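Reader: I've got a model open on my screen and I'd like a close look at a single part of it. Could you walk me through that part in plain words?

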Amino acid sequence: MSREQLAVQRARKSFQTGKSKPLQYRIHQLKCLQRFLTERQKDIADAVKKDLYKTQHGTELYETLGLEGEINLAIEKLAEWAAPRPVEKNLLTVLDEVYVQPEPLGVVLIIGAWNYPWAITLQPLVGAIAAGNAAVIKPSEVSSHSSKVMEELLPLYLDKDLYPVVTGGVSETQELLKQRFDHVFYTGSSSVGRAVMEAAARHLTPVTLELGGKSPCYIDKNCDLSVACRRITWGKFVNCGQTCIAPDYILCEPSIQNQVVEEIRKVIKEFYTDDPKTFDDYGRIINQRHFKRVMALMEGSTIAIGGDSDESECYIAPTVLKDVTAESKVMQEEVFGPVLPIITVSGIEEAIQFINEREKPLVVYVFSPDNKLIRRVIAETSSGALLANDCLIHYTISALPFGGVGNSGMGCYHGKHSFDQLSHLRSCLIKKLNMEGANNMRYPPHTASKLGWARFLLLKKVNVGRLRRMAILATLAALAAFVVQVQSSLDI
């Protein structure tokens with residue numbers, strides 16, 4: 001039996017004991033995960049430094065801070081999330097107990113990504129633990145140092161049977177995908193996402209696919225270009241452009257293209273100095289294979305800013321390409337690096353058409369002071385998310401479901417959405433064995449009279465809250481009448 005089979009078997013056997021189901025046990029495991037992040041912050045930061053050349057403060061800001069928030073929220077709200085959820089009734093079930101009960105799915109496979117190796121791998125784990133599941137954690141082998149630290153240290157804090165960490169490359173992942181899981185949560189490319197979905201389909205296992213794509217960024221000529229370009233520059237070049245929700249390309253009118261370039265040039269200098277290569281807070285491409293891929297995307301395009309590189313360090317300077325066309329090489333796939341193409345369009349109508357002619361992106365960005373224009377983009381495009389006048393920050397809001405649509409993914413997570421995504425929302429109805437006469441209308445023989453009663457009882461909705469308020473008012477009215485009657489008797 002393979003190492004992967006043993007890990008899954010151990011997780012399932014442990015889940016079947018029921019120990020992951022009590023809320024107090026889930027909270028205990030979440031607190032252990034919280035303690036891991038606190039006590040091992042230096043180990044995590046050192047690993048991310050080696051993988052992506054990120055500073056300790058950068059690691060805390062972009063990797064672990066959000067995780068702490070997700071854990072705190074789950075601990076605070078778990079009892080509420082896991083409680084039965086009453087639903088609207090009809091007259092036929094008005095006296096019955098009817099509710100939705102969240103229950104654990106079972107054993108979840110979490111396949112992480114390398115670009116944010118801690119945040120993207122452990123955020124789904126927070127949801128899996130909160131929902132009462134077991135989870136097999138597969139960190140990306142590409143971020144090898146983070147993967148090794150996770151394998152060595154996480155089992156010292158979490159239940160190692162319920163939450164095993166399995167490392168390795170493609171063959172190990174393929175072996176894992178041969179096993180039966182109750183849910184597969186994958187973050188990565190669309191091409192691998194298809195393979196994951198195909199493997200899961202063999203077991204009829206549901207999947208959450210957090211993919212990517214080319215997220216467009218439209219800049220209205222009437223907006224404050226200085227502020228817009230400052231926010232776009234941050235969103236594009238953070239983590240050296242290796243962010244699934246980074247603006248992939250800019251759409252703007254030709255009249256502002258040069259101004260956009262100059263504003264971005266100023267911000268790059270402000271953020272990363274004249275020499276980003278020597279600046280601590282500017283990262284590196286994850287490896288030479290990806291370095292060569294990103295460099296090749298620039299072929300045939302006009303470099304307006306940057307373009308410098310050093311293959312030995314996997315360094316690519318913050319780069320802007322101008323006068324890019326739909327046929328340019330850089331527009332044929334997600335950039336996933338520090339290269340920002342600018343495509344000129346005649347206005348918002350052509351921009352919307354350009355977006356809609358392509359696969360649905362993970363996010364659409366629009367910068368404009370015109371609320372009507374923003375609402376038009378919302379109404380006439382489709383994407384996992386839409387963000388107006390900023391970049392990336394929607395990821396920080398736990399109340400917003402984070403996920404794609406179409407080619408950019410399926411399913412969502414963050415906050416309660418993670419809990420629901422990794423739970424089975426079980427429909428429950430509890431009747432009593434009395435009042436059998438009310439059921440005669442559904443028993444044969446079927447008649448017009450019975451059909452009339454069925455129509456009334458099944459189609460008439462009941463507002464339980466309103467009935468409750470009416471009952472309270474009726475009780476108060478009766479009590480008031482009784483008090484008046486008693487008072488009248490005493491007066492006599």
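Reader: How many of the residues of α5 are buried?

Author: Quick housekeeping before we dig in. This is a predicted model, where local features need pLDDT of at least 70 and side-chain atom pairs count only at pLDDT 80 or more, while totals for chains, interfaces and linings use all residues. Residues are numbered from 1 along each chain as its sequence is written, and side-chain values use heavy atoms, with hydrogens and water left out.

Now, α5: 12 of its 12 residues are buried, so the helix is mostly covered (buried means under 20% relative accessible area, exposed over 50%, partly exposed in between, with a 1.4 Å probe and protein chains only). Among them are Ala119, Ile120, Thr121, Gln123, Pro124 and Gly127. For scale, buried residues make up 50% of the 492 residues in the chain.

What about its length? At 1.5 Å a residue, the 12 residues should span 16 Å, and the end C-alpha atoms of α5 are 16 Å apart, which agrees (the expected span is 1.5 Å times one less than the number of residues). Just after α5, Gly132 takes a positive phi of about 90°. The helix is one of 16 in the chain, which also has 19 strands; helices (H or I, at least four residues) and strands (E, at least two) are DSSP runs, numbered from the N terminus.

A pocket here is an open set of points on a 1 Å grid over the protein atoms alone, where a 1.4 Å probe fits, with protein on both sides within 12 Å along at least five of seven lines; lining residues have an atom within 4 Å of a point.

In total 24 residues line the pocket, with Leu61, Tyr62, Leu392, Tyr395 and Thr396 nearest its centre. By type, the lining splits into 15 nonpolar, 7 polar and 2 charged residues (Ala, Val, Leu, Ile, Met, Phe, Trp, Tyr, Cys and Pro count as nonpolar, Asp, Glu, Lys and Arg as charged, and the others, Gly among them, as polar).
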